[in-house]
Amino acid sequence: MSDALDVLDQVGKWKAGGKKVAIATVITTWGSSPRPVGSQLGVDETGAMVGSVSGGCIEGAVVKEALAAIADGKPRLLDFGVTDEQAWDVGLACGGKVQVFVEKVN
Amino acid sequence: MKAETLAALQDARKQRRALALATRLGDGAETLIYPDRALGVQADDETLLSAARRALEIGRSETVDLGGQRIFFNVYVPPPRLIIVGAVHIAQSLAPMASLLDFDVTVVDPRRAFATDSRFPGVKVMQEWADEAFEKMGLDRSTAVVTLTHDPKLDDPALEYALKSDVFYIGALGSRKTHAKRKERLAEAGITDEQFARVHGPVGLNIGAKSPAEIAISILGQIVEVRARRLEALTAPKVAAA
């Protein structure tokens, strides 16, 4: 949780510096997952990131969606896991599943 | 997330106040829930508020279905804080170890020779009497207090103050004998046996610790245990009364 607050600090600094930013948050987990619910990743318009929503397995895909959210202003709900028909071709090595909410900071 | 929401979250952190942010996942609508008030789109929704208060109480973020809407409660609680009274040798091990565990650490000691920044690199050091320092910092239920000075004139006022607060952990260094005498002194100051029972003394888990670093481990082990058990008790499913 203190990590999450550090993320907000950095996001605040990016905003204050005139950058467009988005926040991704782990909102549900099933099975073993590397980061608990509430973990956050901040992303700025250049793709710079702070914090984490996994052990590094899905950050790449989340940054891509965060940049899209920064562009169109719409929130997104992303599912990551080891199901056959996953919408995202990124798995979690640990076999868990996570759902991540991505939104632009207005 | 609205810019005002981000600012509110940052403010709460600075003031060491807990709050929950409810986000309606369908459209991103936000409601901020403080222990005593709520602001935002669903601030009048009693069902949402009671679920938010429960999440706040147990300090755990979660997604729930409320009347067909998926709501994510993100609970922001102040980082746990450890206040060490006595800038002594054990404190020099305890402070950096507690920092590794993400505790916000402050060392308090009115004695100039002990309370120096050079003895505690990277740690907040207050050269003050404990009760005065506590008054400034404001003790809360995410705070742990450990007294290490062995000197009643320094330890006792700290314990007395801490016992009147809702800190989650109080520990006092000293043997059983020292602890018994401490109990007598604090009884004279009006601390009841029941109140005194909150003080962990002799401090720490019994792991045969001898060196300052080992004692620091035993203290931190106990603090981690007390914190985890409290959370378990809060999150255990409640058995409905018949």
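This is a predicted model: local features need pLDDT of at least 70, side-chain atom pairs count only at pLDDT 80 or more; totals for chains, interfaces and linings use all residues.
Helix H6 of chain B covers residues 176-188, helices being DSSP runs of H or I with at least four residues, and strands runs of E with at least two, numbered from the N terminus. The 13 residues of H6(B) should span 18 Å at 1.5 Å a residue, and the 19 Å between its end C-alpha atoms agrees with this, the expected span being 1.5 Å times one less than the number of residues.

## The sheet of chain B

Six strands of chain B form an open sheet with parallel pairing, in the order S8-S7-S6-S9-S10-S11, where two strands pair if DSSP finds at least two bridges between them. Strands S8 (124-126) and S11 (199-200) of chain B each have a single partner strand, so one side of each is left without a neighbour in the sheet.

Strand S6 (residues 81-85) of chain B runs parallel to strand S7 (residues 104-108) of chain B and is joined to it by five bridges, and B:Val85 has B:Val108 in S7(B) as its bridge partner. Helix H3 (residues 89-100) of chain B packs on the sheet and touches S6 and S7 of chain B.

## Domains

Chain B is assigned domain 1 (15-76) and domain 2 (81-230), with bounds from an automatic or database domain assignment. Their C-alpha centres lie 34 Å apart.

## Basis of the description

Local features need pLDDT of at least 70, side-chain atom pairs count only at pLDDT 80 or more, and totals for chains, interfaces and linings use all residues. Residues are numbered from 1 along each chain as its sequence is written, while chains are lettered from A and ligands numbered from 1 in the order in which they are written.

How values were computed
Two residues are in contact if their C-beta atoms, placed from the backbone, lie within 7 Å. Axes are lines fitted to C-alpha atoms, for helices over the stretch in contact, and angles run from 0 to 180 degrees between N-to-C directions.
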